[in-house]
Amino acid sequence: MSFKLIDNKSTFSLITGLVSLILMLLFISFSCQSPQPVAPVTQSTTQPAVPATQPTPPVSQPATGGTVSTVSWTPDGIITQGEYQKSKSYGDYEINWSSDNTFMYIGMKAKTAGWVAVGFGAELLMKNADIVEGYLSDGKAVVADMFSTGEFGPHPPDVQQGGTNDILDYGGKRENGATVIEFKRKLDTGDKFDKPLVKGVNKIIWSFGADDQPTNKHVTRGSGEIDL
Ligand code: HEM
C-alpha cells in the first residue's frame, strides 16, 4: 500500500517535471524568436531611402502651371523624365512639350555649344515665323521672343518691333556638349508678333547654331510639328 503511494508520488513528480520541462522549452524557443523584430527595424531604416529620393523632383510649378506631367515643370535646364508630356527628336535636335488650356512649356535640347530655337507659323522659309531662341551668356540662359520679318530673317526681338516679350519663365544649361533651353508662354499671347497656338497639331521650324551669337546662321535646321 505504502509502496503504491510512493509510486503515485513519483509519477506525479515525473509529470510535473515533464510539464515544467515543456514550459521551459516553450519559454526558451519563444525567447529565441524574440530577436526577429530586429529584421523589421533594419527594413525600416532602409525604407526611408525611397522617400528620400522623392523630394528630388522639382516642386515649384503646380501653383502657376498645372500641367498633367508626372514631374513638375522647372526651367532649370535639365529635362527630367516625366517633366514633359511629349517629345520628338529630329537628329541632334530634340523638342519636349506640355500644355494645358492656357500655357505651354517647351524644353529644347540640341547637341551643340550654341543657340537653339523653335519657330511657329512660318510661311515661306522663315518668313513671319514666331521664333523663340535661347543661348547662354556667361553661363546664364538668355531666351528671346522674336519674329522673323523675311524668308531668311532677320528675326529681331518682338520688343524691337513694337511687340511684347511673352516668355513668362525660362532657364537653360549647357552640359555634356548639349544646350538645353526651357521656357513657358501662353498659347495665345495676344501679341501680333506671336502666332496663336492651338490645342492639337501646330507646325514648327527648328534650328541650332554653332555658337552663342544669336544672329549667326544655324548649322542645322528643319521643320516638324508638335501636338499640344
Ligand atoms: C540666326 C539667324 C538666322 C539666319 C541668318 C538664317 C538664315 C537662313 C537662310 C539664309 C536660309 C536659307 C536656306 C539655308 O541656307 O539654309 C534659312 C533657312 C531656314 N531657316 Fe534660318 N536663319 C536664321 C535663324 C533661324 C531660326 C531661329 C530658325 C528656326 C527657329 C530658322 C529656321 C530655318 C529653316 C527651317 C530654314 C529652311 C526653310 C526651308 O527650306 O523650307 N532659321 N535660314
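Predicted model: local features only at pLDDT ≥ 70, side-chain atom pairs only at ≥ 80, totals over all residues.

Start by selecting asparagine 202: with 6% relative accessibility, asparagine 202 counts as buried (buried means under 20% relative accessible area, exposed over 50%, partly exposed in between, using a 1.4 Å probe and protein chains only). Asparagine 202 lies in strand E9; helices (H or I, at least four residues) and strands (E, at least two) are DSSP runs, numbered from the N terminus.

Residues are numbered from 1 along each chain as its sequence is written, and side-chain values use heavy atoms, with hydrogens and water left out.

**Next stop: the rings**

The whole structure has five aromatic pairs (rings of Phe, Tyr and Trp, the last by its six-membered ring, pair if their centres lie within 6.5 Å; planes under 30 degrees apart count as stacked, over 60 as edge-to-face and the rest as tilted). Select tyrosine 90 and tryptophan 206, a stacked pair with 5.7 Å centre to centre and 25 degrees between the planes. Tyrosine 90 is in strand E1 (residues 86-90) and tryptophan 206 in strand E9, so this pair ties together parts 116 residues apart in sequence. Both tyrosine 90 and tryptophan 206 are buried.

Phenylalanine 208 is buried, as is tryptophan 206. Bring in Tyr93 too, and you have one aromatic cluster of Tyr90, Tyr93, Trp206 and Phe208.

**Last stop: the ligand**

Which residues come nearest to the ligand? Of the 19 around it, they are Met126, Ser207, Lys217, His218 and Arg221 (a residue is near if one of its heavy atoms lies within 4 Å). Show the side chains of three of these:

- Lysine 217 has a polar side-chain atom 2.5 Å from an oxygen atom of the ligand.
- Histidine 218 has a side-chain N or O atom 2.7 Å from a nitrogen atom of the ligand.
- Arginine 221 has a polar side-chain atom 3.0 Å from an oxygen atom of the ligand.

Finally, colour strand E4 (116-120), strand E9 (201-208) and strand E10 (220-227): each supplies at least two residues of the shell around the ligand.

How values were computed
Polar contact = N/O pair within 3.5 Å; in protein donor to acceptor, adjacent residues only side chain to side chain.
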